[in-house]
Amino acid sequence: MTDLIDLSKIIANKGDKPLILSSVNLQLQEDADLERKLRELKSKQELRKDWILFILRDVVVFSTALGFIFAVAGYSLFTLLRVTACQDEKKFATSALTLILTGLVVFVTGTTATSK
């Protein structure tokens, strides 16, 4: 068992033109480089997708919701200040303003409670 000969060395050195075994190492290196580049491409695509989702979800939806809230609050305040508004309109305006103010208070206190 101690006299075993490495067959790869015999095959590589056989004949006039010895085989080059380092080409396997070059292919492995190229495969590793391609794999690394593929991982980098995937991470860039994930980052791009995250930015698109952030813009759609957080910027567009939040701005739309905020605009709607301000529109309802403005209409309610205008209705309360208008002299010719009927009693039902004033009740609606009062309840809408109460809900908006309650929501704002809950939002502000909830934000400060989670930041601690």
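Colleague: What accessible area do the residues of the nonpolar surface patch have together?
Modeller: This is a predicted model. The patch on its surface is formed by Leu47, Trp51, Ile52, Phe54, Ile55, Leu56, Val59, Val60 and Val61. Together these nonpolar residues have an accessible area of about 850 Å².

Colleague: In which helix is the place of Val61?
Modeller: Val61 is one of the residues that form the nonpolar patch. Its place in the chain is in helix α2.

Colleague: Is Trp51 buried or exposed?
Modeller: Trp51 also belongs to the nonpolar patch. Its relative accessible area is 52%. The limit for this class is over 50%, so Trp51 counts as exposed.

Colleague: Why is the pair of Trp51 and Phe54 edge-to-face?
Modeller: The structure holds two aromatic pairs. In the pair of Trp51 and Phe54, the ring centres are 5.7 Å apart. Planes over 60 degrees apart count as edge-to-face, and the deciding value for Trp51 and Phe54 is therefore the angle between their planes, 90 degrees.

Colleague: How are Trp51 and Phe54 separated along helix α2?
Modeller: Phe54 is partly exposed at a relative accessible area of 37%. Trp51 and Phe54 are three residues apart in helix α2, so their separation is about one helical turn.

Colleague: What is the angle between the planes of Tyr75 and Phe92?
Modeller: Tyr75 and Phe92 form an aromatic pair with 6.5 Å from centre to centre. The pair is tilted, and the angle between the planes is 55 degrees.

Colleague: Which helices does the pair of Tyr75 and Phe92 link?
Modeller: The two residues are 17 residues apart, and the pair links distant parts of the chain. Tyr75 is partly exposed, with a relative accessible area of 43%, and Phe92 is partly exposed at 46%. Tyr75 lies in helix α2 and Phe92 in helix α3 (residues 87–114), so the helices linked are α2 and α3.

Colleague: Which residues does Ser76 touch, leaving out those up to four places away in sequence?
Modeller: Ser76 lies in helix α2, which covers residues 22–81. Ser76 is buried, with a relative accessible area of 0%. Beyond four places in sequence, the residues touched by Ser76 are Ala93, Ala96 and Leu97.

Colleague: Is Thr79 buried or exposed?
Modeller: Thr79 is found in helix α2. Leaving aside neighbours within four places in sequence, Thr79 is in contact with Ala85, Glu89, Lys90 and Ala93. Its relative accessible area is 1%, and since under 20% counts as buried, Thr79 is buried.

Colleague: How far apart are the closest N and O atoms of Glu89 and Arg82?
Modeller: Glu89, one of the contacts of Thr79, is partly exposed at 28% relative accessibility. Arg82 is partly exposed too, with a relative accessible area of 27%. Glu89 and Arg82 form a salt bridge, and their closest N and O atoms are apart by 2.8 Å.

Colleague: What is the separation of Glu40 and Arg36 in helix α2?
Modeller: The side chains of Glu40 and Arg36 meet in a salt bridge at 3.1 Å, N to O. Glu40 is partly exposed at 38%, and Arg36 is partly exposed at 37%. The two are four residues apart in helix α2, so the separation is about one helical turn.

Colleague: What is the N to O distance between Glu46 and Lys49?
Modeller: Glu46 and Lys49 are three residues apart in helix α2, which means about one helical turn between them. Glu46 is partly exposed, with a relative accessible area of 43%, and Lys49 is partly exposed, also with 43%. Their side chains meet in a salt bridge, and the distance from N to O is 3.8 Å.

Colleague: How much of the chain do buried residues make up?
Modeller: The accessible surface of the chain comes to about 10,500 Å², and carbon and sulfur atoms account for 68% of that surface. The chain has 116 residues, and the buried ones make up 8%.

Note on methods:
Residues numbered from 1 in each chain as written. Predicted model: local features only at pLDDT ≥ 70, side-chain atom pairs only at ≥ 80, totals over all residues. Heavy atoms only, no water. Buried < 20%, exposed > 50% of the residue type's maximum accessible area, 1.4 Å probe, protein only. Areas by Shrake-Rupley, 256 points an atom, 1.4 Å probe, with all protein chains shown as cover. Contact = heavy atoms within 4.5 Å. Salt bridge = Lys/Arg side-chain N within 4 Å of Asp/Glu carboxyl O. Patch = residues over 30% accessible without salt bridge, like charges linked within 9 Å, V, L, I, M, F, W, Y side chains within 5 Å. Phe/Tyr/Trp six-rings, centres within 6.5 Å; stacked < 30°, edge-to-face > 60°.
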